[in-house]
Amino acid sequence: MFFILWPHNATLEKIPLVNLSVKIAGPIVLWIIIFLITDKIMPKENIQEKVFFINKADETFRVPYHETTLKSDEAILEYMMIEDAVYKTHLKAIYVKFPKGKSEIKAQLQFTKYQPLNVILSRTTNSIYINKLDKHE
């Protein structure tokens with residue numbers, strides 16, 4: 001309805017966000033206004049859940065799936081470990097649900113046979129890099 005009733009004599013002297021000095025008129029102005037409104041309304045990174053893939057320095061190295069937990073002192077974590085379909089008992093990824101208002105969580109991957117590994121879970125990344133794990137002494 002807005003596109004039919006839109007006043008065709010409305011013009012923009014400059015396209016916002018692009019900063020292009022072009023005079024435009026008609027329904028394209030309405031498209032730009034709708035885009036700008038939705039860009040302001042929609043949050044940039046409002047993902048509450050994130051999957052973090054395990055990247056290993058050595059592909060043959062086994063990160064144990066059944067013996068791994070994720071702990072954090074700063075937040076109560078809801079997470080799920082994802083097993084590798086090809087290499088059974090290997091950890092492929094971790095699905096984490098972020099608490100409201102948190103964009104980054106400092107946590108520890110804890111294993112039964114290895115020392116804990118400090119990780120930072122951020123909404124802007126999607127992987128955890130593991131170079132090596134040290135055995136318990």
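1. **K88.** K88 sits in the loop that runs between strand 5 and strand 6. Its relative accessibility is 55%, so K88 counts as exposed. (Exposed means over 50% relative accessible area, buried under 20%, and partly exposed in between, with a 1.4 Å probe and protein chains only.) Y65 is 23 residues away from K88 in sequence, yet the two C-alpha atoms are 8.4 Å apart in space.

2. **Basis.** This is a predicted model: local features need pLDDT of at least 70, side-chain atom pairs count only at pLDDT 80 or more, and totals for chains, interfaces and linings use all residues. Residues are numbered from 1 along each chain as its sequence is written, and side-chain values use heavy atoms, with hydrogens and water left out.

3. **Overall make-up.** The protein chain holds 2 helices and 9 strands. These are DSSP runs numbered from the N terminus: helices are H or I with at least four residues, strands are E with at least two. In sequence order the pattern reads α-β-β-α-β-β-β-β-β-β-β. Of the 137 residues in the protein chain, 30% are buried.

4. An open sheet is built from 4 strands in the order 5-6-3-9, with mixed pairing. Strand 5 (78-83) and strand 9 are the edge strands, and each pairs on one side only. From one strand to the next, the twist averages 25°. (Axes are lines fitted to C-alpha atoms, for helices over the stretch in contact; angles run from 0 to 180 degrees between N-to-C directions.) Two strands count as paired if DSSP finds at least two bridges between them.

5. **Strand 5 to strand 6.** These two run antiparallel and are joined by 6 bridges. M81 has I94 of strand 6 as its bridge partner.

6. **Strand 6 to strand 3.** Strand 6 (residues 91-97) also runs antiparallel to strand 3, with 5 bridges between them. V51 is bridged to Y95 in strand 6. E49 stands opposite K97, also in strand 6.

7. **Strand 3 to strand 9.** Here the direction is parallel: 4 bridges join strand 3 (residues 49-56) to strand 9. F53 faces S127 of strand 9 across this pairing.

8. **Faces of strand 9.** Which side chains of strand 9 are buried? I128 and I130 are, and they point to one face.

9. **Aromatic pairs.** There are 2 aromatic pairs in the structure. F52 and F98 form a tilted one, at 6.3 Å centre to centre and 55° between the planes. This pair links distant parts of the chain: F52 belongs to strand 3, F98 to the loop between strand 6 and strand 7 (104-110), and they are 46 residues apart. F52 has 0% relative accessibility, so F52 counts as buried. F98, at 2%, is buried too. F111 and Y114 form an edge-to-face pair, at 6.1 Å centre to centre and 90° between the planes. Both F111 and Y114 are buried. The criteria: rings of Phe, Tyr and Trp (its six-membered ring) pair if their centres lie within 6.5 Å; planes under 30 degrees apart are stacked, over 60 edge-to-face, and the rest tilted.

10. **Salt bridge.** How many salt bridges does a search of the whole structure find? The count is 1. It joins K102 to E74, with the closest N and O atoms 3.7 Å apart. K102 is in the loop between strand 6 and strand 7 and E74 in the loop between strand 4 (69-71) and strand 5, so the pair ties together parts 28 residues apart in sequence. The cut-off: a side-chain nitrogen of Lys or Arg within 4 Å of a carboxyl oxygen of Asp or Glu. K102 is partly exposed, at 26% relative accessibility. E74 is partly exposed as well, with a relative accessible area of 37%.

11. **Nonpolar patch.** I33, I37, I41 and M42 make a nonpolar surface patch of about 400 Å². I33 lies in helix 2 (residues 27-41). Its relative accessibility is 34%, so I33 counts as partly exposed. Patch residues have over 30% relative accessible area and no salt bridge; like charges are joined within 9 Å, nonpolar side chains (Val, Leu, Ile, Met, Phe, Trp, Tyr) within 5 Å. Accessible areas come from the Shrake-Rupley method with a 1.4 Å probe; for residues, only the protein chains shown count as cover.
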